[in-house]
Amino acid sequence: MTQWSGYLGLILQGALVTIELTLMGSVLALIMAFLAGMGRLSRFFVLRALATTYIEFFRGTSIFVQLFWVYFVLPLAGISLTPLQAGVLALGLNVGAYAAEVVRGAIQSVGREQYEACIALNLGRWQGMRHVILPQALLVMLPTFGNNAIELLKATSVVSLISLADLTFQAQVVRSQTGNTLMPFTAILIIYFVLALIISWGVRSLERRMARGLDGVRV
Amino acid sequence: MPAPIIKVDAISKSFGAFKVLDGLSMQVMPGEKLALIGPSGSGKTTILRILMTLEKIDGGHIQIDGEQLYHMERNGQLLAADERHLAKMRQKIGMVFQLFNLFPHKCVMDNVTLAPMLTKGMARAAAEKRAMELLDMVGMADKAKAMPAQLSGGQKQRVAIARALALSPKIMLFDEVTSALDPELVEEVLNVMRKLAAETDMTMLLVTHEMGFAHDFADRVLFFDRGRIVEEGKPDEIFRHPKQERTQGFLKKIIAAGHRV
(Lines give C-alpha, C1' and ligand atoms only; values in the text may rest on other atoms or scores of the structure.)
Protein backbone atom coordinates (compact mmCIF):
# COMPACT_ATOMS: atom_id res chain seq x y z
CA MET A 1 0.00 0.00 0.00
CA THR A 2 2.78 2.45 0.97
CA GLN A 3 4.51 1.45 -2.23
CA TRP A 4 1.46 2.49 -4.25
CA SER A 5 1.21 5.84 -2.49
CA GLY A 6 4.80 6.53 -3.55
CA TYR A 7 3.89 5.83 -7.15
CA LEU A 8 0.79 7.96 -6.81
CA GLY A 9 3.08 10.77 -5.67
CA LEU A 10 5.08 10.38 -8.89
CA ILE A 11 1.94 10.56 -10.97
CA LEU A 12 0.74 13.66 -9.14
CA GLN A 13 4.12 15.30 -9.75
CA GLY A 14 3.63 14.47 -13.40
CA ALA A 15 0.18 16.02 -13.26
CA LEU A 16 1.70 19.27 -11.99
CA VAL A 17 4.13 19.32 -14.91
CA THR A 18 1.28 18.66 -17.35
CA ILE A 19 -0.79 21.47 -15.83
CA GLU A 20 2.17 23.82 -15.95
CA LEU A 21 2.81 22.98 -19.59
CA THR A 22 -0.86 23.38 -20.46
CA LEU A 23 -1.12 26.77 -18.77
CA MET A 24 2.10 28.18 -20.18
CA GLY A 25 1.51 26.66 -23.59
CA SER A 26 -2.00 28.13 -23.65
CA VAL A 27 -0.73 31.60 -22.81
CA LEU A 28 1.79 31.43 -25.65
CA ALA A 29 -0.83 29.95 -27.98
CA LEU A 30 -3.23 32.78 -27.12
CA ILE A 31 -0.61 35.43 -27.84
CA MET A 32 0.33 33.78 -31.13
CA ALA A 33 -3.33 33.35 -32.04
CA PHE A 34 -4.07 37.06 -31.71
CA LEU A 35 -0.84 38.15 -33.38
CA ALA A 36 -1.24 35.84 -36.36
CA GLY A 37 -5.05 36.01 -36.53
CA MET A 38 -5.05 39.80 -36.65
CA GLY A 39 -1.95 39.74 -38.84
CA ARG A 40 -3.93 37.84 -41.45
CA LEU A 41 -6.45 40.68 -41.54
CA SER A 42 -3.82 43.40 -41.70
CA ARG A 43 -3.77 46.06 -44.38
CA PHE A 44 -0.07 45.38 -44.84
CA PHE A 45 1.02 42.63 -47.18
CA VAL A 46 4.15 41.77 -45.17
CA LEU A 47 2.16 41.14 -42.00
CA ARG A 48 -0.40 39.05 -43.88
CA ALA A 49 2.35 37.00 -45.52
CA LEU A 50 4.17 36.44 -42.22
CA ALA A 51 0.99 35.38 -40.44
CA THR A 52 -0.08 33.06 -43.25
CA THR A 53 3.34 31.43 -43.44
CA TYR A 54 3.40 30.82 -39.70
CA ILE A 55 -0.12 29.38 -39.65
CA GLU A 56 0.33 27.10 -42.65
CA PHE A 57 3.72 25.87 -41.48
CA PHE A 58 2.73 24.99 -37.93
CA ARG A 59 -0.58 23.46 -38.96
CA GLY A 60 1.06 21.52 -41.74
CA THR A 61 3.81 19.79 -39.76
CA SER A 62 3.53 17.41 -36.86
CA ILE A 63 3.79 18.58 -33.27
CA PHE A 64 6.13 15.67 -32.60
CA VAL A 65 8.59 16.82 -35.27
CA GLN A 66 8.26 20.44 -34.17
CA LEU A 67 9.14 19.48 -30.61
CA PHE A 68 12.16 17.46 -31.65
CA TRP A 69 13.25 20.26 -33.88
CA VAL A 70 13.01 22.83 -31.12
CA TYR A 71 14.76 20.59 -28.60
CA PHE A 72 17.42 18.83 -30.68
CA VAL A 73 18.01 21.06 -33.73
CA LEU A 74 17.92 24.57 -32.24
CA PRO A 75 20.92 23.78 -30.00
CA LEU A 76 22.92 23.29 -33.21
CA ALA A 77 22.21 26.95 -33.91
CA GLY A 78 23.37 27.82 -30.41
CA ILE A 79 19.92 28.04 -28.83
CA SER A 80 19.60 25.51 -26.04
CA LEU A 81 16.27 25.22 -24.30
CA THR A 82 15.30 23.26 -21.22
CA PRO A 83 12.76 20.50 -21.88
CA LEU A 84 10.04 22.66 -20.31
CA GLN A 85 10.91 25.67 -22.47
CA ALA A 86 11.04 23.51 -25.58
CA GLY A 87 7.69 21.94 -24.69
CA VAL A 88 5.97 25.27 -24.08
CA LEU A 89 7.42 26.73 -27.26
CA ALA A 90 6.41 23.83 -29.51
CA LEU A 91 2.96 23.45 -27.99
CA GLY A 92 2.24 27.17 -27.96
CA LEU A 93 3.34 27.70 -31.55
CA ASN A 94 1.48 24.65 -32.79
CA VAL A 95 -1.85 25.29 -31.10
CA GLY A 96 -1.48 29.04 -31.67
CA ALA A 97 -1.54 28.39 -35.41
CA TYR A 98 -4.92 26.66 -35.15
CA ALA A 99 -6.29 29.28 -32.79
CA ALA A 100 -5.14 32.08 -35.11
CA GLU A 101 -7.69 30.91 -37.65
CA VAL A 102 -10.30 30.99 -34.90
CA VAL A 103 -9.39 34.60 -34.13
CA ARG A 104 -9.55 35.57 -37.80
CA GLY A 105 -12.89 33.85 -38.36
CA ALA A 106 -14.43 35.38 -35.24
CA ILE A 107 -13.33 38.90 -36.15
CA GLN A 108 -14.78 38.45 -39.62
CA SER A 109 -18.02 37.16 -38.18
CA VAL A 110 -18.77 40.53 -36.58
CA GLY A 111 -21.23 42.25 -38.87
CA ARG A 112 -20.26 44.98 -41.29
CA GLU A 113 -22.73 47.31 -39.60
CA GLN A 114 -20.57 47.30 -36.47
CA TYR A 115 -17.55 48.45 -38.47
CA GLU A 116 -19.69 51.12 -40.09
CA ALA A 117 -20.90 52.36 -36.72
CA CYS A 118 -17.25 52.68 -35.69
CA ILE A 119 -16.51 54.82 -38.75
CA ALA A 120 -19.62 56.94 -38.25
CA LEU A 121 -18.54 57.54 -34.64
CA ASN A 122 -15.07 58.40 -35.88
CA LEU A 123 -13.32 55.69 -33.87
CA GLY A 124 -9.83 54.92 -35.09
CA ARG A 125 -9.14 51.49 -36.56
CA TRP A 126 -7.55 50.21 -33.37
CA GLN A 127 -10.11 51.88 -31.08
CA GLY A 128 -12.93 50.21 -32.97
CA MET A 129 -11.13 46.87 -32.89
CA ARG A 130 -10.38 47.10 -29.19
CA HIS A 131 -13.71 48.42 -27.89
CA VAL A 132 -16.27 47.20 -30.41
CA ILE A 133 -15.09 44.35 -32.63
CA LEU A 134 -12.87 42.24 -30.36
CA PRO A 135 -15.25 42.12 -27.38
CA GLN A 136 -17.93 40.72 -29.68
CA ALA A 137 -15.52 38.43 -31.53
CA LEU A 138 -14.16 37.04 -28.25
CA LEU A 139 -17.52 35.51 -27.50
CA VAL A 140 -17.42 33.70 -30.83
CA MET A 141 -13.84 32.51 -30.21
CA LEU A 142 -14.36 31.12 -26.73
CA PRO A 143 -15.97 27.74 -27.45
CA THR A 144 -13.31 26.89 -30.03
CA PHE A 145 -10.57 28.19 -27.75
CA GLY A 146 -11.87 25.63 -25.24
CA ASN A 147 -11.37 22.90 -27.84
CA ASN A 148 -7.90 24.21 -28.63
CA ALA A 149 -6.93 24.20 -24.95
CA ILE A 150 -8.05 20.60 -24.58
CA GLU A 151 -6.11 19.66 -27.71
CA LEU A 152 -3.09 21.34 -26.17
CA LEU A 153 -3.55 19.47 -22.89
CA LYS A 154 -3.61 16.14 -24.72
CA ALA A 155 -0.65 17.10 -26.91
CA THR A 156 1.47 17.74 -23.81
CA SER A 157 2.07 13.98 -23.61
CA VAL A 158 4.57 14.23 -26.48
CA VAL A 159 6.99 16.06 -24.17
CA SER A 160 7.57 12.77 -22.37
CA LEU A 161 9.66 11.94 -25.44
CA ILE A 162 12.18 14.63 -24.58
CA SER A 163 12.34 13.26 -21.02
CA LEU A 164 10.16 15.93 -19.42
CA ALA A 165 8.51 14.25 -16.41
CA ASP A 166 4.87 14.90 -17.26
CA LEU A 167 1.90 12.59 -16.60
CA THR A 168 2.66 10.23 -19.46
CA PHE A 169 6.35 10.07 -18.60
CA GLN A 170 5.62 9.21 -14.95
CA ALA A 171 3.13 6.56 -15.97
CA GLN A 172 5.85 4.89 -17.99
CA VAL A 173 8.21 5.12 -15.04
CA VAL A 174 5.66 3.45 -12.80
CA ARG A 175 4.96 0.79 -15.40
CA SER A 176 8.63 -0.09 -15.84
CA GLN A 177 9.23 -0.22 -12.11
CA THR A 178 6.14 -2.27 -11.19
CA GLY A 179 5.42 -4.14 -14.37
CA ASN A 180 1.83 -3.00 -13.97
CA THR A 181 0.30 -1.22 -16.96
CA LEU A 182 -3.33 -1.10 -15.90
CA MET A 183 -2.96 1.03 -12.77
CA PRO A 184 -0.70 3.89 -13.97
CA PHE A 185 -2.34 4.27 -17.36
CA THR A 186 -5.84 4.12 -15.93
CA ALA A 187 -4.82 6.73 -13.39
CA ILE A 188 -3.48 9.16 -15.97
CA LEU A 189 -6.42 8.47 -18.27
CA ILE A 190 -8.69 9.69 -15.51
CA ILE A 191 -6.46 12.65 -14.65
CA TYR A 192 -6.32 13.83 -18.30
CA PHE A 193 -10.08 13.51 -18.48
CA VAL A 194 -10.63 15.48 -15.29
CA LEU A 195 -8.25 18.21 -16.45
CA ALA A 196 -10.13 18.43 -19.76
CA LEU A 197 -13.42 18.66 -17.87
CA ILE A 198 -12.04 21.52 -15.80
CA ILE A 199 -11.06 23.37 -18.99
CA SER A 200 -14.50 22.79 -20.53
CA TRP A 201 -16.23 23.98 -17.42
CA GLY A 202 -13.99 27.04 -17.07
CA VAL A 203 -14.50 28.11 -20.68
CA ARG A 204 -18.24 27.56 -20.48
CA SER A 205 -18.64 29.66 -17.36
CA LEU A 206 -16.52 32.39 -18.93
CA GLU A 207 -18.76 32.25 -21.97
CA ARG A 208 -21.87 32.57 -19.84
CA ARG A 209 -20.43 35.54 -18.02
CA MET A 210 -19.49 37.32 -21.22
CA ALA A 211 -22.79 36.65 -22.96
CA ARG A 212 -24.72 38.24 -20.11
CA GLY A 213 -27.12 40.87 -21.38
CA LEU A 214 -26.43 40.24 -25.06
CA ASP A 215 -29.69 38.44 -25.72
CA GLY A 216 -31.75 40.62 -23.43
CA VAL A 217 -32.70 37.73 -21.15
CA ARG A 218 -29.86 36.69 -18.88
CA VAL A 219 -29.21 39.93 -17.09
CA MET B 1 -25.93 84.64 -48.52
CA PRO B 2 -23.99 82.16 -46.38
CA ALA B 3 -21.82 79.52 -47.98
CA PRO B 4 -23.26 76.01 -48.39
CA ILE B 5 -22.19 73.53 -45.71
CA ILE B 6 -22.26 70.63 -48.18
CA LYS B 7 -21.18 71.00 -51.78
CA VAL B 8 -21.32 67.88 -53.88
CA ASP B 9 -19.76 68.32 -57.28
CA ALA B 10 -20.13 65.79 -60.10
CA ILE B 11 -19.85 62.68 -57.97
CA SER B 12 -19.86 59.34 -59.69
CA LYS B 13 -19.94 55.94 -58.05
CA SER B 14 -20.37 52.45 -59.45
CA PHE B 15 -20.83 49.09 -57.80
CA GLY B 16 -19.32 46.83 -60.42
CA ALA B 17 -21.10 47.57 -63.68
CA PHE B 18 -23.98 49.32 -61.93
CA LYS B 19 -23.67 53.08 -61.93
CA VAL B 20 -25.32 54.24 -58.69
CA LEU B 21 -24.42 57.90 -58.94
CA ASP B 22 -23.91 59.55 -62.27
CA GLY B 23 -22.33 62.99 -62.03
CA LEU B 24 -24.43 63.98 -59.05
CA SER B 25 -24.19 67.58 -57.81
CA MET B 26 -26.05 69.21 -54.95
CA GLN B 27 -25.67 71.88 -52.33
CA VAL B 28 -27.00 72.09 -48.81
CA MET B 29 -27.18 75.28 -46.76
CA PRO B 30 -26.33 75.33 -43.05
CA GLY B 31 -29.33 74.39 -40.96
CA GLU B 32 -31.29 73.12 -43.92
CA LYS B 33 -33.53 70.06 -43.53
CA LEU B 34 -33.38 67.98 -46.66
CA ALA B 35 -35.46 64.96 -47.60
CA LEU B 36 -34.05 62.57 -50.20
CA ILE B 37 -36.73 60.45 -51.80
CA GLY B 38 -36.86 58.11 -54.75
CA PRO B 39 -37.12 54.47 -55.75
CA SER B 40 -34.67 51.97 -54.30
CA GLY B 41 -31.40 51.84 -56.17
CA SER B 42 -31.72 55.50 -57.11
CA GLY B 43 -28.58 56.44 -55.16
CA LYS B 44 -30.11 58.35 -52.26
CA THR B 45 -28.69 56.09 -49.56
CA THR B 46 -25.37 55.89 -51.39
CA ILE B 47 -24.89 59.65 -51.25
CA LEU B 48 -25.46 59.58 -47.46
CA ARG B 49 -22.96 56.75 -47.12
CA ILE B 50 -20.47 58.68 -49.23
CA LEU B 51 -20.88 61.74 -47.03
CA MET B 52 -20.17 59.52 -43.99
CA THR B 53 -17.06 58.12 -45.77
CA LEU B 54 -18.51 54.61 -45.74
CA GLU B 55 -18.14 54.35 -49.52
CA LYS B 56 -15.35 55.65 -51.69
CA ILE B 57 -16.16 57.82 -54.69
CA ASP B 58 -15.00 57.10 -58.22
CA GLY B 59 -14.88 60.72 -59.30
CA GLY B 60 -15.90 64.25 -58.36
CA HIS B 61 -15.44 66.42 -55.31
CA ILE B 62 -17.23 67.02 -52.04
CA GLN B 63 -16.79 70.02 -49.78
CA ILE B 64 -17.98 69.97 -46.20
CA ASP B 65 -17.96 73.26 -44.35
CA GLY B 66 -15.54 74.75 -46.87
CA GLU B 67 -13.07 71.84 -46.78
CA GLN B 68 -12.56 68.98 -49.20
CA LEU B 69 -13.83 65.68 -47.84
CA TYR B 70 -12.04 63.13 -50.01
CA HIS B 71 -9.12 65.34 -50.95
CA MET B 72 -6.64 67.44 -49.09
CA GLU B 73 -4.56 70.33 -50.25
CA ARG B 74 -0.81 69.98 -49.96
CA ASN B 75 1.38 72.64 -51.57
CA GLY B 76 -1.42 73.75 -53.84
CA GLN B 77 -2.11 70.21 -55.02
CA LEU B 78 -5.21 68.16 -54.34
CA LEU B 79 -4.28 64.74 -53.02
CA ALA B 80 -6.45 61.83 -51.95
CA ALA B 81 -7.38 62.26 -48.29
CA ASP B 82 -5.50 60.14 -45.78
CA GLU B 83 -7.03 58.55 -42.70
CA ARG B 84 -6.13 61.54 -40.54
CA HIS B 85 -7.87 63.99 -42.83
CA LEU B 86 -10.94 61.76 -42.99
CA ALA B 87 -11.02 61.54 -39.20
CA LYS B 88 -10.93 65.33 -38.97
CA MET B 89 -13.74 65.68 -41.48
CA ARG B 90 -15.89 63.02 -39.82
CA GLN B 91 -16.10 65.17 -36.70
CA LYS B 92 -18.55 67.36 -38.56
CA ILE B 93 -20.86 64.53 -39.56
CA GLY B 94 -23.01 62.02 -37.70
CA MET B 95 -25.16 59.23 -39.04
CA VAL B 96 -28.12 57.18 -37.88
CA PHE B 97 -28.64 53.83 -39.59
CA GLN B 98 -31.68 51.88 -40.66
CA LEU B 99 -30.73 48.96 -38.41
CA PHE B 100 -29.53 51.15 -35.49
CA ASN B 101 -26.07 49.52 -35.36
CA LEU B 102 -25.88 49.83 -31.59
CA PHE B 103 -23.03 48.02 -29.85
CA PRO B 104 -24.81 44.96 -28.41
CA HIS B 105 -22.20 44.29 -25.74
CA LYS B 106 -22.46 47.74 -24.20
CA CYS B 107 -25.28 49.25 -22.17
CA VAL B 108 -27.16 52.28 -23.45
CA MET B 109 -24.99 54.68 -21.47
CA ASP B 110 -21.74 53.14 -22.73
CA ASN B 111 -23.00 53.18 -26.30
CA VAL B 112 -23.41 56.93 -26.01
CA THR B 113 -20.23 57.74 -24.07
CA LEU B 114 -17.76 55.49 -25.92
CA ALA B 115 -16.99 57.75 -28.88
CA PRO B 116 -16.79 61.07 -26.97
CA MET B 117 -14.40 59.49 -24.47
CA LEU B 118 -12.22 57.89 -27.13
CA THR B 119 -12.23 60.51 -29.86
CA LYS B 120 -12.56 63.71 -27.86
CA GLY B 121 -10.76 62.61 -24.72
CA MET B 122 -13.76 63.49 -22.59
CA ALA B 123 -13.60 62.36 -18.96
CA ARG B 124 -16.14 59.71 -18.04
CA ALA B 125 -18.06 62.00 -15.69
CA ALA B 126 -18.43 64.73 -18.29
CA ALA B 127 -19.32 62.25 -21.02
CA GLU B 128 -21.97 60.64 -18.83
CA LYS B 129 -23.46 63.98 -17.88
CA ARG B 130 -23.78 64.93 -21.53
CA ALA B 131 -25.10 61.47 -22.39
CA MET B 132 -27.81 61.80 -19.75
CA GLU B 133 -28.93 65.11 -21.25
CA LEU B 134 -29.12 63.54 -24.68
CA LEU B 135 -30.85 60.40 -23.44
CA ASP B 136 -33.30 62.65 -21.65
CA MET B 137 -33.95 64.52 -24.87
CA VAL B 138 -34.76 61.31 -26.74
CA GLY B 139 -36.79 60.05 -23.79
CA MET B 140 -34.45 57.21 -22.88
CA ALA B 141 -32.90 58.48 -19.64
CA ASP B 142 -34.58 55.75 -17.58
CA LYS B 143 -32.98 53.06 -19.77
CA ALA B 144 -29.40 54.23 -19.40
CA LYS B 145 -28.33 50.94 -17.79
CA ALA B 146 -30.31 48.69 -20.16
CA MET B 147 -28.63 46.55 -22.80
CA PRO B 148 -29.66 47.13 -26.43
CA ALA B 149 -31.24 43.66 -26.65
CA GLN B 150 -33.77 44.71 -23.99
CA LEU B 151 -35.05 47.62 -26.04
CA SER B 152 -37.72 47.87 -28.71
CA GLY B 153 -36.72 48.99 -32.20
CA GLY B 154 -37.97 52.51 -31.60
CA GLN B 155 -36.03 52.73 -28.35
CA LYS B 156 -32.89 51.43 -30.03
CA GLN B 157 -33.20 54.02 -32.74
CA ARG B 158 -33.64 56.82 -30.20
CA VAL B 159 -30.48 55.66 -28.41
CA ALA B 160 -28.68 55.58 -31.77
CA ILE B 161 -29.73 59.19 -32.36
CA ALA B 162 -28.41 60.20 -28.93
CA ARG B 163 -25.18 58.34 -29.65
CA ALA B 164 -24.64 60.24 -32.89
CA LEU B 165 -25.51 63.56 -31.24
CA ALA B 166 -22.97 62.97 -28.46
CA LEU B 167 -20.21 63.97 -30.87
CA SER B 168 -21.98 67.27 -31.62
CA PRO B 169 -21.88 67.01 -35.40
CA LYS B 170 -22.91 69.94 -37.58
CA ILE B 171 -24.55 67.62 -40.07
CA MET B 172 -26.75 64.64 -39.28
CA LEU B 173 -27.54 61.93 -41.81
CA PHE B 174 -30.62 59.77 -41.29
CA ASP B 175 -30.71 56.67 -43.48
CA GLU B 176 -34.23 55.25 -43.55
CA VAL B 177 -34.27 55.37 -39.78
CA THR B 178 -37.87 54.20 -39.44
CA SER B 179 -37.90 51.55 -42.17
CA ALA B 180 -37.05 48.68 -39.85
CA LEU B 181 -39.57 49.65 -37.18
CA ASP B 182 -43.00 48.25 -36.42
CA PRO B 183 -45.59 50.81 -37.54
CA GLU B 184 -46.61 51.75 -34.01
CA LEU B 185 -43.00 52.62 -33.12
CA VAL B 186 -42.34 54.92 -36.06
CA GLU B 187 -43.94 57.98 -34.49
CA GLU B 188 -41.71 58.01 -31.37
CA VAL B 189 -38.63 58.24 -33.56
CA LEU B 190 -40.13 60.89 -35.84
CA ASN B 191 -41.06 62.92 -32.77
CA VAL B 192 -37.44 62.92 -31.64
CA MET B 193 -36.40 64.16 -35.06
CA ARG B 194 -39.01 66.92 -35.01
CA LYS B 195 -37.73 67.98 -31.62
CA LEU B 196 -34.18 67.95 -32.90
CA ALA B 197 -35.14 70.11 -35.86
CA ALA B 198 -36.97 72.55 -33.61
CA GLU B 199 -34.31 72.82 -30.91
CA THR B 200 -31.08 72.82 -32.90
CA ASP B 201 -29.77 74.44 -36.05
CA MET B 202 -28.17 71.24 -37.25
CA THR B 203 -28.15 70.48 -40.93
CA MET B 204 -30.20 67.33 -41.44
CA LEU B 205 -30.36 65.05 -44.46
CA LEU B 206 -32.81 62.23 -44.41
CA VAL B 207 -33.48 59.39 -46.76
CA THR B 208 -37.02 58.30 -46.11
CA HIS B 209 -40.10 56.55 -47.36
CA GLU B 210 -42.29 58.44 -44.87
CA MET B 211 -43.65 60.93 -47.35
CA GLY B 212 -45.98 62.61 -44.86
CA PHE B 213 -43.09 63.22 -42.51
CA ALA B 214 -40.83 64.41 -45.33
CA HIS B 215 -43.53 66.87 -46.36
CA ASP B 216 -43.84 68.43 -42.90
CA PHE B 217 -40.23 68.17 -41.90
CA ALA B 218 -38.13 69.15 -44.89
CA ASP B 219 -37.28 72.60 -46.19
CA ARG B 220 -36.46 71.04 -49.52
CA VAL B 221 -37.10 67.69 -51.15
CA LEU B 222 -34.81 66.02 -53.67
CA PHE B 223 -36.24 63.32 -55.89
CA PHE B 224 -33.61 60.81 -56.97
CA ASP B 225 -33.82 58.43 -59.87
CA ARG B 226 -31.07 56.39 -61.52
CA GLY B 227 -28.23 58.18 -59.78
CA ARG B 228 -29.41 61.69 -60.54
CA ILE B 229 -31.56 64.33 -58.96
CA VAL B 230 -34.53 64.48 -61.28
CA GLU B 231 -36.49 67.14 -59.46
CA GLU B 232 -36.12 69.27 -56.38
CA GLY B 233 -38.13 71.91 -54.65
CA LYS B 234 -40.22 72.82 -51.65
CA PRO B 235 -42.23 69.91 -50.24
CA ASP B 236 -45.49 71.33 -51.55
CA GLU B 237 -44.14 71.66 -55.07
CA ILE B 238 -42.76 68.13 -55.12
CA PHE B 239 -45.62 66.37 -53.40
CA ARG B 240 -48.59 68.40 -54.71
CA HIS B 241 -47.38 69.58 -58.09
CA PRO B 242 -44.55 67.40 -59.32
CA LYS B 243 -43.41 68.52 -62.76
CA GLN B 244 -41.41 65.53 -63.87
CA GLU B 245 -43.12 62.44 -65.11
CA ARG B 246 -40.84 60.16 -63.09
CA THR B 247 -41.63 62.04 -59.89
CA GLN B 248 -45.33 61.78 -60.60
CA GLY B 249 -45.02 58.08 -61.31
CA PHE B 250 -43.07 57.44 -58.12
CA LEU B 251 -45.49 59.35 -55.91
CA LYS B 252 -48.45 57.58 -57.49
CA LYS B 253 -46.88 54.22 -56.65
CA ILE B 254 -46.09 55.29 -53.11
CA ILE B 255 -49.64 56.50 -52.53
CA ALA B 256 -51.03 53.33 -54.05
CA ALA B 257 -48.90 51.42 -51.55
CA GLY B 258 -50.78 53.15 -48.73
CA HIS B 259 -48.45 55.95 -47.74
CA ARG B 260 -50.05 59.26 -46.98
CA VAL B 261 -48.59 62.41 -48.46
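Modeller: Let's begin with axes: they are lines fitted to C-alpha atoms, for helices over the stretch in contact, and angles run from 0 to 180 degrees between N-to-C directions. Helices (H or I, at least four residues) and strands (E, at least two) are DSSP runs, numbered from the N terminus. This is a predicted model, in which local features need pLDDT of at least 70 and side-chain atom pairs count only at pLDDT 80 or more, while totals for chains, interfaces and linings use all residues. Residues are numbered from 1 along each chain as its sequence is written, and chains are lettered from A and ligands numbered from 1 in the order in which they are written.

Colleague: At what angle do the axes of helix H3 and helix H4 of chain B cross?

Modeller: Roughly 125°, and the axes of H3(B) (residues 108-119) and H4(B) (residues 124-137) come within 9 Å. Angles under 35 degrees count as roughly parallel, over 145 as roughly antiparallel, 65 to 115 as roughly perpendicular and the rest as oblique. H3(B) is therefore oblique to H4(B).

Colleague: Which residues make the contact between H3(B) and H4(B)?

Modeller: Two residues are in contact if their C-beta atoms, placed from the backbone, lie within 7 Å. On H3(B), they include Val108(B), Met109(B) and Val112(B), and on H4(B) they include Ala127(B), Ala131(B) and Leu134(B). For classes, Ala, Val, Leu, Ile, Met, Phe, Trp, Tyr, Cys and Pro count as nonpolar, Asp, Glu, Lys and Arg as charged, and the others, Gly among them, as polar. This contact has nine nonpolar, one polar and three charged residues.

Colleague: In what order do the strands of the open sheet in chain B lie?

Modeller: Two strands pair if DSSP finds at least two bridges between them. The six strands of this open sheet have the order E8-E9-E10-E3-E11-E12, with mixed pairing. Strand E8 (93-96) and strand E12 (228-233) of chain B are the edge strands, each pairing on one side only. From one strand to the next, the twist averages 20°. Helix H5 (residues 153-165) of chain B packs on the sheet, touching E8 and strand E9 (171-175), and its direction makes about 170° with that of E8(B).

Colleague: How many bridges join E3 to E10 in chain B?

Modeller: Four bridges join strand E3 (residues 33-37) to strand E10 (residues 203-207) of chain B, and the two run parallel. Lys33(B) stands opposite Met204(B) in E10(B).

Colleague: Where is there a hairpin in chain B?

Modeller: E4(B) and E5(B) form one, with two residues between them, and Asp65(B) in the turn has a positive phi of about 55°. Two bridges join E4(B) to E5 (residues 67-68) of chain B, running antiparallel. The bridge partner of Ile64(B) is Glu67(B) in E5(B). Strand E4 (residues 59-64) of chain B also pairs with strand E1 (residues 6-15) of chain B in the antiparallel sense, over five bridges.

Colleague: How many helices and strands does chain A have?

Modeller: Chain A has eight helices and zero strands. Its C-alpha atoms fill a box of roughly 70 × 50 × 20 Å, taken along the principal axes.
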